[in-house]
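User: I would like to go through the labels attached to this model and see what each one rests on.
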Amino acid sequence: MTASMVAGPVRVRVCAVLVHDGRVCLIRRQREAGLQHSLPGGLVEDGEDPADALRRELLEELGLDLAVLPDPPVLRFVQEQETERPGETTPFRRQHLVFTAHLPDHLVEAVALVEQDDPGQAPVVWLPVADAAGLHLYPDVGAVLDQAVRPDTETGGPVLLPAMTTTSYRWR
């Protein structure tokens, strides 16, 4: 957390960089200010373990059961967020826990084509890493997306990314 961050509650959001054949899975949302691509995931509920929350969220959003993966998702990045949302006066605060998981062919085919728990049925897309890295992503992980798709060979724990602030990130 940076010195400019203010005190107060921070909700934890878990999300995943799902990788297959040099592509990543994103949820494409059309916002008033333009397209936003999000890593699938959501908020950790009170008393819930982050890994359990990730499993629940991906099952709800994509119909993907992480329990059947050959290897469990790995926590790769942590990113703090304090930004202003359009029309709101209080700072929007999150801590993003970004996991990575490599999916085999049969699981990629099982991933939903639209976000299952979204009334707007936002499309689920698989994009080449280089293309995805240049998009407006939530959370703001484009600069490290190429690292996320490589298998984790380090045991030093997750990398703390630069915070998302009103200066560095614009809501869409």
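User: Where is L103 found?

Analyst: This is a predicted model. In it, L103 is found in the loop that runs between β6 and α2.

User: Why is L103 called buried?

Analyst: Its relative accessible area is 5%, and buried means under 20%. L103 therefore counts as buried.

User: Which residues is L103 in contact with, leaving aside its neighbours within four places in sequence?

Analyst: They are L18, V19, H20, L64, L69, V108, V111 and W126. Contact here means heavy atoms within 4.5 Å. Q116 is 13 residues away from L103 in sequence, and the two C-alpha atoms are 19 Å apart.

User: What makes a set of residues a nonpolar core, and which residues have the most contacts inside the largest one?

Analyst: The members must be buried residues of the nonpolar kinds, joined through side-chain atoms within 4.5 Å. The largest such core has 24 residues, and those with the most contacts inside it are L18, L62, L64, L103 and V111. At least two residues come from each of β1, β2, α1, β6, α2 and β7. The most is given by α1, with four residues. Another core, of 19 residues, lies apart from it; V17, L127, A132 and A148 are among them. As a general background, nonpolar side chains tend to be buried together in soluble globular proteins.

User: Which residues does L64 contact, its neighbours within four places in sequence left aside?

Analyst: L64 is in contact with L18, R55, L58, L59, L103, L107 and V111.

User: How do you know that the span of α1 is close to what is expected?

Analyst: Helix α1 covers residues 50-62, which is 13 residues. The expected span is 1.5 Å times one less than the number of residues, and for α1 that gives 18 Å. From the first C-alpha to the last, α1 reaches 18 Å, so the two values are close.

User: What caps the N-terminal end of α1, and what comes just after the helix?

Analyst: D49 is the cap: one of its side-chain oxygens lies 3.0 Å from the backbone nitrogen of A51. Just after α1, G63 has a positive phi of about 70 degrees.

User: Which residues of α1 are buried, and what covers them?

Analyst: The buried residues are A53, L54, R56, E57, L58, E61 and L62. Their cover includes β1, β2, β4, β6, α2 and β7. An α-helix has 3.6 residues a turn, so residues three or four places apart point the same way.

User: Why is E48 called buried?

Analyst: E48 has a relative accessible area of 19%, and the cut-off is under 20%. E48 is therefore classed as buried. E48 lies in the loop between β4 and α1.

User: What makes the pair of E48 and R56 a polar contact?

Analyst: The side chains of E48 and R56 make the contact at 2.8 Å, and a polar contact needs N or O atoms within 3.5 Å. Leaving aside neighbours within four places in sequence, E48 is in contact with L43, A53 and R56.

User: Why is β5 described as largely enclosed?

Analyst: Eight of its ten residues (74-83) are buried, so the rest of the structure largely encloses β5.

User: Which strands does β5 pair with, and in what sense?

Analyst: With β6 the pairing is antiparallel, over nine bridges, and V78 has L97 as its bridge partner there. With β9 it is parallel, over two bridges, where F77 stands opposite V159. Two bridges also join β5 to β10 in the parallel sense, with E82 opposite T165. Strands pair if there are at least two bridges between them, so β9 and β10 both qualify as partners of β5.

Methods
Residues numbered from 1 in each chain as written. Predicted model: local features only at pLDDT ≥ 70, side-chain atom pairs only at ≥ 80, totals over all residues. Heavy atoms only, no water. Buried < 20%, exposed > 50% of the residue type's maximum accessible area, 1.4 Å probe, protein only. Polar contact = N/O pair within 3.5 Å; in protein donor to acceptor, adjacent residues only side chain to side chain.
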